[in-house]
Amino acid sequence: MKRSFKGLFYTPYILWLAMFVIAPVALIIYYSFFDIHHQFTFSNYRVFFESGTYLTMTANSVLYAFLITVISILISYPMALVISKLKHRDLWILLVILPTWINLLLKAYAFIGLLSHDGLVNNLFGFFGIPAQQMLFTDTSFILVAAYIQIPFMILPIYNSMTDISDSYIRASSDLGASKWQTLTKIIIPMTMPGIKSGIQIVFIPSLSLFMLSRLIGGNKIITLGTAVEEHFLTTMNWGMGSTIGVVLIISMVVVMLFTNTKRKGRRS
Amino acid sequence: MSNTIVELKDVYKTYDDGFTALKDISIKLNQGEFYTLLGPSGSGKTTILQAIAGFTEVTSGEVLFDGKRINDIPANQRQLNTVFQDYALFPNMNVFENVAFGLVVHNVKKAEIEQRVHDALKMVQLEKYATREISELSGGQQQRIAIARAIINRPKVLLLDEPLSALDAKLRKDMQYELRELQQQLGITFLFVTHDQEEALAMSDEIFVMNKGEILQKGDPVDIYDEPINHFVADFIGESNIIPGKMVADYQVAFLGHQFECSDAGMRPNEPVEVVIRPEDLVITSPEKGKIQVKVDTQLFRGDYYEILAYDEQGNEWLIHSTNATKDDSVVGLAFGPTDMHIMRYNESEAKFNSRLESYED
Amino acid sequence: MANRASKLGKIYIIVIFLLMYIPIFYLIIYSFSNGTTMANFNGFTLRHYGELFADKRMLAIFLDTILIALLSSLFSTIIGTMGAIAVHNTKRRHQRETLLSLNSILLVSPDVIIGASFLIFFTALKLPLGFWSVLLSHIAFEIPIVLLMVLPRLDEMSPSLINAAMDLGATPAQILSKITLPFIQPGIIAGFFMAITYSLDDFAVTFFVTGNGFTTLSVEIYSRARQGISLEINALAGIMFIFSLILVGIYYLIENHNLSSGRKLDRVEVPDR
């Protein structure tokens, strides 16, 4: 009787795992071996690895995601550090979380206005005597807007790992004669590595696939892996090729996971 | 032996990873007695408790309650209750609801619940705390509520898993008296688990000393203290000086190059043995008057006595409890009588130990 | 951590916070502009809000979005909580780790992969795209986050609580309803709210599985934004901002209530898309 009671809990969850986790991944791999005429083929992979277009696109995509991640870390780390030292840090971190509750597309849309020819940014440039620039539909704007959207997601895990550091480590470090800078580089940064790593996980992988941003801010110039998947699935209807790119995306995701996975030791055993 | 309430017969417990937590455990608990399972952590004492309570299944052997096999009866249908080490008070309920829980799940009528909860709280002297939240209670109060909750179903046996370990020393001493009193008042069997030998000696009618999944010795506190079966028990219970020696003949033991009269017998002639002398049985005298001579190394004032650490010529360590201090680095004599020594054989089983003791005592 | 923040540090975070909030306020301010573009504020008006409320189609989309969010959160909270209990009950360590790895696949997968694979899945099942495919997808990608919000509470629960309830004679059903569920309730509520925000925030997955007839706010904003600036979207942003604030408010009120009647939550949850 006890067994069946417990079994009751497993059933819906396992069903979900099978139907919405395992089956879709299996299907995407399966579809990657079919061409547009539903014939079994390896040609999708051959095309992907032989044509320069797809490889360049992948390289570009990884480069964009890398830059977005690096910019996010550079801005977020000092943010998290300062906030963790503030008196009402819970309140301040709430201010970091709040923008994440606002729809991504609205934020992207705001930048269409901000960066447009007569937008706020060009107005400011004009104020300093700089001529108006074409900013929408450029690589730089795409990367900056993506970083803008990702920054809160980078701050939060780093902040969490900072608040986990006990005061006494910092005191011990300065007690032993370390300068503030030495404490930062030798104690705080190494101890917050898990936070940085999970930040990279949260930021890098989605950055590979921000097709809506590249469409809205990057125009149609910037093709990332995500844009290509969307195009193949929803425009050209070549699901085989789309799935192949999807498989490449999944593989790059696994690689990132392997690099950033720190075995988190249980607080409570 | 008709009033046996709980019995374990040849119980083994082996985990999936091959670790054997219990080896051939056979114990009988009588009605109305206070038993203690005493041993270091990992010795299997809590596993025994869990096997009786039904939180863990034994690998082989029988668990009997009131003469009936209960191996396959789930914990919620066993008529015994447990006081947990961390109290396990439900944080989402107040004191009253916690104590009433055992009655509520058995669909007892409201009026009766109120009466019985009130009585149980009175028993632990917390009748005014019924509406308090658990988080508002001190450690000692939580402890009492845990006891009140466990006795609400009127169990025949109460299992207590290191219930005092989280309390400070003073409170722990008070609770020892209270628990003993409560047990006598209720007249039910208590099975108490602890690693604290003082606690065990103070409260129990009978103690089971455990190590590495086995019961090494059982007996009343005085017997276990005075006549430990082996090195482990002697060392674990109380403080002791254990010196290797040789049993020359019955009532004659030799160690440190001297032969002494003792009160033990029944060994082979010239059998190697261990001699136990408790620190409080050693009396400091002049070197000439003492049976052996030691050099004082360190003295610590413990309040009611001095703990003196000394070494004999062969380098054996001696621990002495004395009401007076001596001089550091001075050579003193140690005096002790035949009954102050207890002789232990190597690897003697409990059965043989007991029968040997019976053969020459009285 | 010790040490107070330096002056420079404070200036730094104020600048970054300004940069973080300027786009949002820029958006909202122009929803009151009596013009047609997000340049040159042309005087205050509520015209765009009026147009928005008169837009029957928009209202229907708004209600659909809320309905999807509430329904999917409800179901994912139930299934996710059951999943958390199942994972918590696993005896072997590697069993638990395997379940947790599988659980996190949907959390770390890029949205386009989830969207594309669900699209294939629904097509293979011959399920028509629309309300039901969107609802099922949302339930599916919300389940793992609910599980992750509930599981720590379960792990925090001392096993002796369950043993104590059993010891006092409670049946498994009584243990669940009287001990386990009340204990993990804060995790369940947090999971429910997180699921709502995931649902409201989602664009990519919905975009893939929505088909032609059915639309959510995110998808609608995307297709309108691709056509250029319309201040009606700004008005929508204003309303959604207020809506988010209310949601955050409710969430933190509940959290604080739990906080005062339980242990302190010192970690901030990391919301993800």
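Two residues are in contact here if their C-beta atoms, placed from the backbone, lie within 7 Å. The model is predicted: local features need pLDDT of at least 70, side-chain atom pairs count only at pLDDT 80 or more, and totals for chains, interfaces and linings use all residues. Residues are numbered from 1 along each chain as its sequence is written, while chains are lettered from A and ligands numbered from 1 in the order in which they are written.

**Stop 1: chains A and C**

Select both chains and display their contact, which takes 80 residues from chain A and 73 residues from chain C. Then pick helix α1 of chain C, residues 7-30; with twelve residues, this helix gives the most to the side of chain C that touches chain A. (Helices are DSSP runs of H or I with at least four residues, strands are runs of E with at least two, and both are numbered from the N terminus.) Coloured by class, that side of chain C shows 52 nonpolar, ten polar and eleven charged residues. Nonpolar covers Ala, Val, Leu, Ile, Met, Phe, Trp, Tyr, Cys and Pro; charged covers Asp, Glu, Lys and Arg; the others, Gly among them, are polar.

**Stop 2: the core**

Next, select A:L105, A:A108, A:M212, B:L191 and B:V209, which touch the most other members of the largest nonpolar core, a set of 254 residues. Helix α7 of chain A (residues 139-163) gives the most to this core, with 15 residues. Such a core joins buried Ala, Val, Leu, Ile, Met, Phe, Trp, Tyr and Cys residues through C-beta atoms within 7 Å. Buried means 20 or more other C-beta atoms within 10 Å of the residue's own, placed from the backbone.

Centre on A:M212. Leaving out residues up to four places away in sequence, A:M212 touches A:L105 and A:A108, and also C:F203, C:A204 and C:Y222.

**Stop 3: chain B**

Chain B has nine helices and 20 strands.

Select residues 6-237 of chain B, where UniProt places "domain: ABC transporter" in an unreviewed entry; such annotations may be inferred rather than shown by experiment. This stretch is 36% helix and 26% strand, with its end C-alpha atoms 26 Å apart.

Now find the open antiparallel sheet of four strands in chain B, ordered β2-β1-β4-β5. β2 (20-30) and β5 (68-69) of chain B are at the edges with a single partner strand each, so one side of each has no neighbour in the sheet. Strands pair if DSSP finds at least two bridges between them; two bridges join β4 (residues 60-65) of chain B to β5(B). One to display is B:F65, whose bridge partner in β5(B) is B:K68.

Conventions: A residue is buried if 20 or more other C-beta atoms lie within 10 Å of its own, exposed if 12 or fewer, and partly exposed in between; C-beta atoms are placed from the backbone.
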